[in-house]
Amino acid sequence: MSTPAENPHPIPLTESEVLIRGFLAANPALDADLSPIEVMTNRYTNEEWAAQIAETQKAVLKEVESGERAQKVYEGPRMRNGNEALKELAKTVDHTVLKLDATSTQIDSLCSEARTEEFKSVCVRLNWVQRCVTNLKGSSVVVAAVVGFHEGTQDTYSKLREARACVAAGASELDLVLNHSLLTQHNKPSSPQLIRSHDSAIDSITAANTAANSGSTAGSDKEIPDYSAIYRELASIRSLCPSPVVIKLILETSQLNPQQILAASHLAAAANLDFIKTSTGFNGPGASLPNVQLMVGAAEYLHKIGVSKRQMQVKASGGVRSLEDAVKMLEAGATRLGTSSGLWIMQQAREKTEQAKGGKGEERPGATRLYTDDTVGGY
């Protein structure tokens, strides 16, 4: 293991990073008072990783392109089974509030709703973890915290500090954002795109962080992505936060092609992570059926050939706003849903179970924090 050297050229911080660093400075018991952090060394060269990943891409894409993967339907909660199915459905939901301007009132409501519905977790930023732990004491609901949210381009050492602080504050699960720029920095631009960001920081911050993480310089002609840097980050966080802490890697699938999704899945499996997750919900379209099917296929294949000790699960997040959305993702093989529309999904599920009794469904509530039609901004 090696300890990272101090960067002589600090990179400007995003609003998310300012929030996290300010919180850590104000709470030394979760950071400065703990033991030093170390970063893992490499396991394979980029070329060795590339060869392994190519085999995964070949095998999984063959199944996808043949149509076999799309034909597989997984059994999710069956609404006709009534209350038992409702309980099963609730346990797939990570009830989520991740906006920077979230208030204590919203967080308290989130926890109250999750406790009432018996959701699997609430998913929040680091600064709200302790409040959620207190609110949910005595319930079965666990606290999940995001790390490196939502850009993923923070340096590895910063992500390690944040992950450790989340666990020290009481989080049982970590939703870690992949530095997907390390996979895409060699892509040729297809066409100019308008990028909607929830942070006001300029795009050069992302580019600078990517270069710092990979050790690359602008204008590099290297064709193989820095797989070693990605694995090193994932393995370091896994080592720092071992099981039973659950780690979900957010791939940001809207920014990746199928080959890159499979590359990230392979590295997540090699680092012994627990889940691969589609999206932050803050950067382009969220979960899509083809991407969930691809990720489930990857998780099954990687476990079958022994890359992962246990089979990774898949979390569909971003754009899951209705029971229909939820069922599609669960039948595609997802086992967890990241959504801020959990109450609406459960309401629809109850109506479905009551239809046989002649019950009448209600209209969807108007726009609120939980019921939003914003197709880009968040969950």
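Predicted model: local features only at pLDDT ≥ 70, side-chain atom pairs only at ≥ 80, totals over all residues.
Biologist: Which residue of β8 stands opposite D94?

Modeller: Strand β1 (residues 93–96) runs parallel to β8, and three bridges join the two strands. In this pairing, the residue of β8 that stands opposite D94 is G338.

Biologist: Which residue in β8 is the bridge partner of K315?

Modeller: Strand β7 (residues 313–317) also pairs with β8, in the parallel sense and over three bridges. Together with helix α13 (residues 323–331), β7 and β8 make a right-handed β-α-β unit. Within β8, the bridge partner of K315 is R336.

Biologist: At roughly what angle do the axes of helix α2 (residues 46–66) and helix α11 (residues 258–270) cross?

Modeller: The crossing of α2 and α11 is right-handed. The axes of these two helices come within 9 Å of each other, and they cross at roughly 120°.

Biologist: How many residues of the contact of α2 with α11 are charged?

Modeller: On the α2 side the contact includes W49, I53 and V60, and on the α11 side it includes P258, L262 and H266. The residues of this contact divide into nine nonpolar and five polar, and the number that are charged is none.

Definitions and conventions: Residues numbered from 1 in each chain as written. Heavy atoms only, no water. Axes fitted to C-alpha atoms, helices over the stretch in contact; angles between N-to-C directions. Helix = DSSP H or I, 4+ residues; strand = E, 2+ residues; numbered from the N terminus. Left-handed = near helix turned anticlockwise from the far one by under 90°. Contact = heavy atoms within 4.5 Å. Nonpolar A, V, L, I, M, F, W, Y, C, P; charged D, E, K, R; others polar. Pairing = 2+ DSSP bridges. Right-handed = clockwise from strand over helix to strand, strands pointing away.
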